[in-house]
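Biologist: I have a model open and would like to learn how to read it. Could you walk me through a few features?

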Amino acid sequence: MNHDFSRFVQMLMSNIQHHRHLIKSNAYWGLPVLGYLGYTVYQRLFNQYQFKDKTIVITGASSGIGLSTAHLLSKLGCKLILIARSESKLLEETQIINQNGGNAHFVVADLSKEHDLNKCVDSINHITQSNAIDILINCAGAGQWKFIENTSFNDCLDMMSLPYFATFHITRLLLPKMIMNQNGLVVIVNSPVSYQTWPGCAGYAGSRFALRGFTECLRMELAGTGVGVLEVIPGETNSNYFTANGIGEGQFPRLSILLPKLSPDLIASHLVNAIKYNKTKIIVPILLDLMLKINFMIPNRIKFWLFSSPNNEKRISKHSKMTDTVNTEDLKKLNIKEEESESDDEVETTEKPTTGTSTTNGTTEGEKKKKKKKKNKKKKTGAATTTAAATTTTTTDSKPTTTPGAPLVQTNPPTIPISKLFPSGEYPLGEICEYKNENSYRTTSEEKKLIEKMNSTIYQDVRRAAECHRQVRKYMQGIVKPGMGLTELVETLERTNKQLVEANGLKAGIAFPTGVSVNNIAAHWNPNSGDKTVLKEDDVLKIDFGTHVNGYIIDCAFTMTFNPKYDQLLAAVKDATNTGIREAGIDVRLGDIGAAIQEAMESYEIELNGKTYPIKSVRNLNGHTIAPYLIHAGKTVPIVKGGDQTKMEEGEFYAIETFGSTGRGVVQEDLECSHYMKVPNAQATIRLPKSRQLFNFINKNYDTLCFCRRWLDQAGEDKHILSLKNLCDIGLISPHPPLVDMKGSYVAQYEHTLLLRPTCKEVLSRGDDY
């Protein structure tokens, strides 16, 4: 090839020399044309990209264009790192590539989630031994084609997350090393909608326009760095992308019938050739490229017809019919109301008049008195009903019966506030444990008793919260069953909790989002809006919820199972928690409690499916002190030996909680975050108005109490995602993602709140259940 090209150059130059007088006199334009042709030939023959041994990262690599590109590049000797959400598909395709002589690795990640992004980059660095990659190919994409009125906030956010946010952030994280090496290429696969929109995909088009803007800006920012940018715009692809995203034939614009459907393999071939010949943009097929180039010349009316779709026309027709129907319905309702008012007038006029003086409008004084009597009877009936409701007792069929003068007894389901059940303001004590040894004098000390009297208001507040917790969890233990949605579970629990504690802003209410962590998820899992997770027969469910009165928090948790095979796991964790409570006391070292908890926990083992597992204390989870409006107040109570040797002190509140696991006994942050909390005493300048508005709302309603995204949605702060992220980025809010042990393991939890009173230790949340 090189010999042929040399001969071609020699012939070209000799011809130019021989005809230089013609070129000079008649065809000045010939020189640039010949120069361009020569440069193009040179690029194609001598400046081709060499793929062998290059490290290439491909996102969206489990199907479609990403997968076809991976198979094609594997044949060219590249080292591939494939990224997608489906572990099974990635594993299968990676094995196929490696069996065929390729070199492929995979990373399972959802690039729309920040935590997965960071883990993904760590995995890439591990595979490449912290060396820079050579090419990043962004194929990951999703998005539904919906009309704007059918697009929810979460739909729009999902479409921005993938591909725009995903492409932006994975590029941002991998780019610095490429720039440092002064070598690399970023490939971005986009959609024709980023150049020409059509009706019925407003959210999708917005995300693709954002991606196009990012591509063009990135190309300018990287000029002179040695890192290039390639934009790929394929037409309709013959893959499962459109089916997977609910996009039907009726949603495509009319013009699409002129364009052939392209196979992912064909697009992959064009993509690889574009890299090979150092192109900066390709649009395939060529007819689509031509259409987009002449698009500006087409009049708007014709353009609207060409790019409209059958679904859009149906929608316009449907809306116009609905408008006509609504107008007809309104007229019917108006006529019915007029007829009813006329019939009422007829009844009044035909009634037999009673004796009395006539009034100016034709009615008598007697009629007025009758109407007043009827109204009074209704009021009395209502008052009687209210009184009866206030003195109800619970029967077996949950129907309240009236017992006048008797003390109130809780209904089923619970509806009577705790303060109404104990009108004297004296709430039930928790479990009382006397101090021993050098602290035994406290039980009878008059000085210590006087200190307790001074704090009696605080004690009653926290006991009221504890009684609320006991009654709520008793009710939930009776209704939680397999098949119940976790969203329904937490909303029922929180609704009951609010009703019994008489939620009132920061004076009383829920102390933190309800944790409903299942199986290997140890803590901090709460369903975000729209979550459809359902409880299963073999699940191990941890329910961790809190109640507060005037900021004094009860933090208490328990585990529910529906299969007796987990009994030993629950017994181990319950024993460990009770051991921690027993060992706790004034002047006791926190590390000593951890050693006792671990010894109790790890004396158990469990047999599951014919295999025996030791039950381990989860070493990086702890109990903790509690302060007013602050769930974690500084000190931690370890559940393994070798912990802090700080001593417990008089007057402190502690959450003694233990976690037992059949897995590694170590948790890490994973999954989508739902729990957030304001950082105490943090200071930062909030520049974004929306973020400032959200922070003010959090201050007013939660202060330093933990909250969740679902609560923000319910309070009308549904457009909070970006503002919340901004507050986290500047350090005013801290996220608390779910804490997870290894897949296939099971984690159980039990927790109680105790108070180290001056005269005794009171386990405030202790109940008949545990």
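**A buried histidine, a sheet and a core**

Modeller: Gladly. This is a predicted model, and we can begin with His-752, which counts as buried because its relative accessibility is 1%.

Biologist: Where does His-752 lie, and which side chain does it join through a polar contact of 2.7 Å?

Modeller: His-752 belongs to strand 27, residues 747-756. Its side chain makes that 2.7 Å contact with the side chain of Ser-765. A polar atom of the His-752 side chain also lies 3.3 Å from the backbone oxygen of Tyr-770. Beyond four places in sequence, the residues that His-752 touches include Arg-473, Asp-555, Tyr-654 and Arg-766.

Biologist: Is Ile-479 buried, partly exposed or exposed?

Modeller: Ile-479 has 27% relative accessibility, so it counts as partly exposed. This residue lies in helix 17. Leaving aside neighbours within four places in sequence, Ile-479 is in contact with Met-484 and Thr-492. The C-alpha atoms of Ile-479 and Thr-492 are separated by 10.0 Å, with the two residues 13 apart along the chain.

Biologist: Now the sheets, please. How should I read strand pairing?

Modeller: Strands of a sheet pair through backbone hydrogen bonds, in a parallel or antiparallel way. Here, 7 strands form an open sheet with parallel pairing, in the order 3-2-1-4-5-6-7. Strand 3 (103-108) and strand 7 (281-284) are at the edges with a single partner strand each, so one side of each has no neighbour in the sheet. On average, neighbouring strands of this sheet are turned by 15° against each other, ignoring direction.

Biologist: How many bridges link strand 5 and strand 6?

Modeller: Strand 5 (residues 184-189) and strand 6 (residues 227-234) pair over 6 bridges, in the parallel sense. As one example to look up, Val-187 has Leu-230 in strand 6 as its bridge partner. Helix 11, residues 286-294, lies across strand 6 and strand 7, and runs at about 110° to strand 7.

Biologist: Which residues touch the most other members of the largest nonpolar core?

Modeller: Of its 88 residues, they are Val-480, Leu-489, Leu-541, Ile-543 and Met-648. Helix 17 (residues 456-479) gives the most to this core, with 8 residues. At least three residues come from each of domain 2 (433-672 + 740-763) and domain 3 (674-736). To trace one member, take Leu-489: among its contacts beyond four places in sequence are Met-476, Val-480, Leu-541 and Ile-543.

Note on methods:
Residues numbered from 1 in each chain as written. Predicted model: local features only at pLDDT ≥ 70, side-chain atom pairs only at ≥ 80, totals over all residues. Heavy atoms only, no water. Pairing = 2+ DSSP bridges. Helix = DSSP H or I, 4+ residues; strand = E, 2+ residues; numbered from the N terminus. Axes fitted to C-alpha atoms, helices over the stretch in contact; angles between N-to-C directions. Contact = heavy atoms within 4.5 Å. Core = buried A, V, L, I, M, F, W, Y, C linked by side-chain atoms within 4.5 Å. Buried < 20%, exposed > 50% of the residue type's maximum accessible area, 1.4 Å probe, protein only. Domains from an automatic or database assignment. Polar contact = N/O pair within 3.5 Å; in protein donor to acceptor, adjacent residues only side chain to side chain.
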